[in-house]
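Thanks for coming. I would like to walk through one structure with you, starting with its ligand and ending with its pockets.

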Amino acid sequence: MKLSKKMQNVKVMERNAGLFSCPICSASMQMADQASLVCENGHSFDLAKSGYVNLAPQAHMTKYDKSLFEARTAVMSSGFFAPVIQKLFHLIKQQIVDVDNPVVLDAGCGEGTHLSTIHAQLESRIVGIGIDLAKEGIVAASKNYPGFVWSVADLAAMPFRDEQIDVILNVLSPANFAEFTRLLKPGGTVLKVVPESGYLKELREVFYEGKPQKEESDPVGRFAEHFDDVQSERVTYTFELPEGLLVPLIHMTPLTWGASEEKIEEALRIGIREITIDLRVIWGIRR
Ligand SMILES: C[S@@+](CC[C@H](N)C(=O)[O-])C[C@H]1O[C@@H](n2cnc3c(N)ncnc32)[C@H](O)[C@@H]1O
Ligand SMILES: [Zn+2]
């Protein structure tokens with residue numbers, strides 16, 4: 001009999017409960033009655049209906065809400081990031097070639113499409129863990145993509161024991177390099193994706209009259225302060241927007257937060273057909 005989506009998540013969580021550490025006291029955790037994660041000191045966290053666990057109960061509402069993540073799922077499932085995901089897939093494949101049960105953690109996974117796509121491309125050879133502080137992202141991920149460890153958690157203080165993770169993914173999300181280093185096994189890899197100057201420039205032309213994207217200065221240099229053998233590759237292409245994808249595209253990105261209705265209408269009226277993806281993949285080894 002096929003397991004329910006919830007049970008698929010619960011089973012993976014149960015098999016991997018030993019990776020967790022208690023967010024309150026850092027003790028090891030185990031699963032109780034397929035219903036909660038409990039630490040040695042009795043701190044207990046119930047799994048939600050869809051089989052994720054909230055280990056950041058203090059997490060407040062963020063601007064990343066349900067409709068933003070629905071829009072992101074629609075866009076990301078359309079192949080929007082396919083060349084970037086392909087690059088990440090190849091890098092991860094190399095990294096895990098000789099590893100038994102490799103663990104890949106997506107820090108700031110949002111609604112989970114990237115992790116799920118890479119997991120499928122790797123023919124499910126990895127244990128996939130997705131964490132995000134936005135509960136709505138994890139709710140969507142746990143419903144849409146069963147068979148992963150999904151957890152609401154803060155990437156600056158992740159509820160996992162030291163040196164358990166083979167690969168950390170960090171796509172368009174904030175990073176905490178000290179925390180990534182703590183979690184990675186010796187020789188483990190971080191793969192970070194940051195926006196470059198042309199990212200979604202057709203949208204920016206409408207919303208910011210073409211003002212360039214505010215970029216982090218020297219993301220590769222900053223990354224290289226924390227990791228060894230750092231390399232990076234810029235991935236630039238235009239994506240032809242399938243019918244109906246412009247509205248979710250406008251709604252999926254923080255770029256349009258605070259934009260007026262008029263600007264959104266203008267973007268729709270212009271009817272953007274092609275959109276520029278301009279990202280940089282940065283990767284390096286735990287020091
Ligand atoms: C632009 S979205 C990217 C989401 C996903 N990686 C993607 O590419 O679709 C940034 C994500 O970072 C998450 N985030 C921001 N601060 C975080 C933190 N301290 N801990 C965990 N996630 C965080 C947000 O909730 C949001 O889902
Ligand atoms: Zn505890």
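Some ground rules. This is a predicted model, where local features need pLDDT of at least 70, side-chain atom pairs count only at pLDDT 80 or more, and totals for chains, interfaces and linings use all residues. Residues are numbered from 1 along each chain as its sequence is written, chains are lettered from A and ligands numbered from 1 in the order in which they are written, and side-chain values use heavy atoms, with hydrogens and water left out.

Which residues come nearest to ligand 1? There are 17 residues around it, and Arg 72, Gly 108, Asp 132, Asp 154 and Val 171 come nearest; being around it takes a heavy atom within 4 Å. By class, this shell has ten nonpolar, four polar and three charged residues. Here Ala, Val, Leu, Ile, Met, Phe, Trp, Tyr, Cys and Pro are nonpolar, Asp, Glu, Lys and Arg are charged, and the others, Gly among them, are polar.

Next, some atom pairs. A polar side-chain atom of Asp 154 is 2.8 Å from a nitrogen atom of ligand 1. A backbone N or O atom of Leu 133 is 3.2 Å from a nitrogen atom of the ligand. On Ser 173, a polar side-chain atom lies 3.3 Å from an oxygen atom of ligand 1. On its own, ligand 1 has 590 Å² of accessible area (Shrake-Rupley method, 1.4 Å probe), and the protein covers 90% of that.

Where does ligand 1 sit? It sits in the largest pocket, meaning that more than half of its atoms lie within 2 Å of the pocket's grid points. A pocket is an open set of points on a 1 Å grid where a 1.4 Å probe fits, with protein on both sides within 12 Å along at least five of seven lines; lining residues have an atom within 4 Å of a point.

The largest pocket holds about 890 Å³ of space, and 37 residues line it. Ser 173 is among those nearest its centre, as is Val 171.

Finally, the second largest pocket holds about 200 Å³. Its lining includes His 119 and Arg 125, and divides into three nonpolar, six polar and two charged residues.

Technical notes:
Polar contact = N/O pair within 3.5 Å; in protein donor to acceptor, adjacent residues only side chain to side chain. Points joined across faces, edges and corners; volume = space filled by probe spheres on them.
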